[in-house]
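Please examine the model displayed below. The paragraphs that follow begin with individual side chains and then turn to the chain as a whole.

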Amino acid sequence: MTNHPTPDRPVAGDWLALREPADAAAREHSLPLIARLVRHWEEAPPSGAPASSGTDPVVVVDLGAGTGANRAWLAGHLPGPQRWILLDHDRELLDRAVAAAREDGADVVPVHAGVEELGRVLAQHPASRRLVTCSALLDLLTREQVRELARVLAEEGVPALLALTVDGEVLLDPPHHLDPSVLGAFEDHQHRGELAGTDGVRLAVGALQERGMTVDVTPTPWWVSDQEWARPLLDRFLADRADAAVEHRPDLTAEAHAWLRTRLVDCARGRLRATVGHADVLGLPPVS
């Protein structure tokens, strides 16, 4: 059975590596959000920290840093210099992220902790320009964790760029008559308990706005077809969905396995195309 991550279950490093090129392509749609973030820093007076000298680093807290792909992509789009606080509850992934960052010459501070430590981390790293970011994380948080994240961001007056949260849209071409059953069971699995799942974007937007922050959202979909990296990503994507569907609905076992066999053949023959909806959220505190 494939591991399906939750706040208490780790994300497999091989999955993070497989999705990295799709994430990077999708995030090109997020560049206008980053431009707005930079304008906010230029227009906003410093709050709760010494004024910037122009050479002070931007302090970036990366929640659920994983293998460091978020830092690797985003660092080149932010004004430098930068200090990255990499926060993750998975020590093995955190070590990999830190090693990659230091190999790039980045100023990096590892924090082995979960998202509940964000307030403490921000208190320990005051700066005139700060950012909290994450990638593919909101759906794995509980609804309460999303609300708490919004509370800390608003109270600290720190902008947030919350990237690549799945929104529930999955379109497979050609279609298969079992797509609705298997993909629907997968989505139900992602909402088990109090997990935000595909409601993560909606919950984050609502919680940030309730706290007085200005919020922008932009779609950042995966478009996966005949790219060099597409087949291994699609193979894993399909297998994960079939496994989760069976875990959530054992009565779908035969249908899910049949669906997966057919879909893997489609993929091997190069005829499967997938659109997987994601969205990036930018939250900005008020400029006083």
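The side chains of Thr133 and Asn70 are joined by a polar contact of 3.2 Å; a polar contact is a pair of N or O atoms within 3.5 Å, where, within protein, one atom must be able to donate a hydrogen and the other to accept it, and residues adjacent in sequence count only if both atoms are side-chain atoms. Thr133 belongs to strand 4, which spans residues 130-135. Helices (H or I, at least four residues) and strands (E, at least two) are DSSP runs, numbered from the N terminus. With a relative accessibility of 0%, Thr133 counts as buried, a label given under 20% relative accessible area, while exposed means over 50% and partly exposed lies in between (1.4 Å probe, protein chains only). If residues up to four places away in sequence are not counted, Thr133 touches Val60, Val61, Asp62, Leu63, Asn70, Leu74, Trp84 and Leu161, where contact means heavy atoms within 4.5 Å.

The model is a predicted one, in which local features need pLDDT of at least 70 and side-chain atom pairs count only at pLDDT 80 or more, whereas totals for chains, interfaces and linings use all residues. Residues are numbered from 1 along each chain as its sequence is written, and side-chain values use heavy atoms, with hydrogens and water left out.

Ala136 is placed in the loop between strand 4 and helix 6 (143-156). Its phi is near 55 degrees, a positive value in a residue other than glycine. Ala136 counts as buried, at 19% relative accessibility. Leu164, in strand 5, likewise has a phi near 55 degrees, a positive value in a residue other than glycine. Leu164 is buried at 1% relative accessibility.

Leaving aside neighbours within four places in sequence, Asp280 is in contact with Arg27, Ser30, Leu33, Leu162, Ala163, Leu164, Asp216, Val217, Thr218 and Thr220. Asp280 lies in strand 8, residues 273-284, and is buried at 0% relative accessibility. Its side chain and that of Thr220 are joined by a polar contact of 3.1 Å. By contrast, the C-alpha atoms of Asp280 and Thr214 are separated by 14 Å, the two residues being 66 residues apart along the chain.

Thr220 leads on to helix 1. Ala25, in helix 1 (residues 13-27), is 195 residues from Thr220 in sequence and 8.6 Å from it in space, C-alpha to C-alpha. Ala25 is partly exposed, with a relative accessible area of 45%.

Another polar contact links the side chain of Arg263 with that of Asp179, at 2.8 Å. Arg263 lies in helix 10 (residues 253-268) and is buried, its relative accessible area being 1%. Not counting residues up to four places away in sequence, Arg263 touches Leu172, Pro174, Pro175, His176, Asp179, Leu238 and Leu272. Pro174, one of these, is in the loop between strand 5 (160-173) and helix 7 (179-190), and the peptide bond from Asp173 to Pro174 is cis, with omega near 5 degrees. Ser181, within helix 7, is partly exposed at a relative accessible area of 32%.

Pro81 is in the loop between helix 3 (69-74) and strand 2 (82-88).

The whole chain may now be considered. The protein chain contains 10 helices and eight strands. Its radius of gyration is 19 Å, close to the 19 Å that the globule rule gives for 288 residues, so the chain is as compact as a globular protein of that length; the radius is taken over C-alpha atoms, and the rule is 2.2 Å times the number of residues to the power 0.38. Along the principal axes, the C-alpha atoms fill a box of roughly 60 × 40 × 35 Å. Buried residues make up 50% of the 288 residues. Of the contacts with a separation of 6 or more, 82% are between residues 24 or more positions apart. The chain exposes about 12700 Å², of which carbon and sulfur atoms supply 51%, as computed by the Shrake-Rupley method with a 1.4 Å probe.
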